[in-house]
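Please examine the sequence and the model shown here. The paragraphs that follow consider the ligand site, then the helix packing, and finally some details of the loops.

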Amino acid sequence: MTRKNQIWGQLSDLAVAANKLSIKELNVEPQRDSKFSINLEGIQLDFSRHLINQGIFDRLIDLAKASKIREKALDMLQEKLVNKTECRSATHMTLRSKISDKNQGERNKLFRFSESIRNGDWKSSSNQRFTDVINIGIGGSELGPKMVSEALKQYASGPTLHFLSNPDGERIFSLLNSLQAKTTLIILSSKSFTTTETMTIAKIVSHWLAKELEIDDVESSEHFIAVTADKGKAIAHGIPKEQIITLDESIGGRYSVWSSVGLPVCISIGPDRFKEFIAGGKMMDDHFLNSEYQENMPVLLALLGIWYNNFLGSQTCAVIPYLERLSPLIDFVQQLEMESNGKSVSLDGIPLTATTAPIVWGRTGAGSQHSFFQLLHQGTKLVPVDFIGVKNDALGHKELHKLSLASLAAQAEALANGQYDKNAHLSNPGNKPSSILLLDELTPYNFGKLVALYENKTFSQAVIWNINPFDQWGVELGKRITMELSSGIKPKNRSGQLLIKKMGLEDF
Ligand code: F6P
């Protein structure tokens, strides 16, 4: 039996007795808070409200060691082919530290494009400064840039950003009808440059722009930039090669905000702030690669997730930021973790016996307290929570922010400690685990740490599960059937034929 399997068995044994643990009692221990907290510059993790005692903690650390997380992370940093099924390396982390000359060249282009759009050197076809930017992209080509630009909106000093991703006519045309075409720039962001939704929306937006500007081949005008890994397809689409900025195939979509995909962010907050965001990510990488597992934020978040997911039977985990402009972070983490680790075969293609990624969901507080917190407090499901707070909100209001932080603290305490009542309907059992991530301020540097924290947590869990976090073959079937149905090809099976009839798909 391997050391890892031995530890896995010990954790299974410890899990049997875990239901006797009391977070409230565990937190009476004077040293627990300091032992189960990590304070880095600008970001701290409090994981004292968890169903773990020292013995469980030690075994989890042993699991990290036996899984060789650090060694695998160094393999990734050294650009080994860690993404075996696509015969690729995974270089998002190198973008924050050992950036290659090729990627540096594209980053310099990113900064040049951003500066010239921000200072008005890059003008529209009617020789005007751009006031609005529409990013057309989906999945990692939207969620990362949307999350970062929203989180860092206090630093926005460029054109107004808009994001289009779903083929939803109401959403698209209500945006287009609100904009001046002559001062609108389009970023067509697609790593593959083949994603149906993105290319369909781009066609509609091109028609709008061409009609409004009375220009025929609008894609070759000053109004279009392509962000892609496939330069040839962008040129074939009509976009001039000097208006194309690339990212390497080895950068996964959900890991790509640090690359050229971050163009809308860089246009909005400027290259200097974007560099601070990258520097924050590097700081977290250095912490991840060099800290002992006992004091390693990404590894500890990964281990806590594994403890609930693989040993205590939880099926989901919730991300609950207490700041509205962190709401898009939830969608980002959902794609990051579920598209990376929603797998059922090992690196060698062998069906797994252990369960993998939980369902990641969430909503900002305090609103979620008035919608699903009842289940968290008195339901029958075990749902570990990541609370995310910002101590000093530069855009906030003293009284409002105090209420927001007090709400976060109250929920973590109430979930952990509960309150017994002889009336069973009124009794809160407590013992509901949560981590608290606190940023001092929502700066580019601190937010870069938070994003890299979740990336490195996701990678660490993949290493422990022995799966590939960098491919996503599962989404290809749905894409193929979409293409068939939208081009009028009838399904072969009866249920599909009945469905398209019910939907009137044949009548389009
Ligand atoms: O379908 C999944 C996916 O490939 C994601 O991994 C990716 O972020 C998204 O679609 C968009 O892909 P592209 O950037 O190639 O348009």
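The ligand is surrounded by 15 residues, where a residue is near a molecule if one of its heavy atoms lies within 4 Å of it. Gly140, Ser141, Ser190, Ser192 and Thr195 are the closest. The model is a predicted one, in which local features need pLDDT of at least 70 and side-chain atom pairs count only at pLDDT 80 or more, while totals for chains, interfaces and linings use all residues. Residues are numbered from 1 along each chain as its sequence is written, and side-chain values use heavy atoms, with hydrogens and water left out.

A polar backbone atom of Gly140 lies 2.7 Å from an oxygen atom of the ligand. Ser190 contributes a polar side-chain atom at 2.6 Å from a ligand oxygen, and Ser192 contributes a polar side-chain atom at 2.7 Å from a ligand oxygen. Of the 390 Å² of accessible area that the ligand has on its own, the protein covers 88%; such areas come from the Shrake-Rupley method with a 1.4 Å probe.

The helix packing can be followed from α13. Helices are DSSP runs of H or I with at least four residues, strands are runs of E with at least two, and both are numbered from the N terminus. Helix α12 (residues 271–290) and helix α13 (residues 297–311) have axes that come within 7 Å and cross at roughly 70 degrees; axes are lines fitted to C-alpha atoms, for helices over the stretch in contact, and angles run from 0 to 180 degrees between N-to-C directions. The two helices are therefore roughly perpendicular, a term for angles of 65 to 115 degrees. Met284, His287 and Phe288 of α12 make the contact with Met297, Pro298 and Val299 of α13, contact meaning heavy atoms within 4.5 Å. By class, five of the contact residues are nonpolar, one is polar and none is charged; Ala, Val, Leu, Ile, Met, Phe, Trp, Tyr, Cys and Pro count as nonpolar, Asp, Glu, Lys and Arg as charged, and the others, Gly among them, as polar.

Helix α1 (residues 3–18) also meets α13, with axes that come within 10 Å and cross at roughly 75 degrees. This pair is therefore roughly perpendicular. On the α1 side are Trp8, Leu11, Ser12, Leu14, Ala15 and Ala18, which meet Ile306, Trp307, Asn310 and Phe311 in α13. The contact comprises eight nonpolar, two polar and no charged residues.

Between α12 and α13, the loop contains Glu295. Leaving aside residues up to four places away in sequence, Glu295 touches Ile38, His287 and Leu300.

Two further loops show backbone details. Cys87, in the loop between α5 (69–77) and α6 (101–118), has a positive phi near 50 degrees although it is not glycine. Ala366 is in the loop between β9 (359–362) and α15 (373–378), and a cis peptide bond with omega of about 5 degrees joins Gly365 and Ala366.

Methods. Parallel < 35°, antiparallel > 145°, perpendicular 65-115°, else oblique. Polar contact = N/O pair within 3.5 Å; in protein donor to acceptor, adjacent residues only side chain to side chain.
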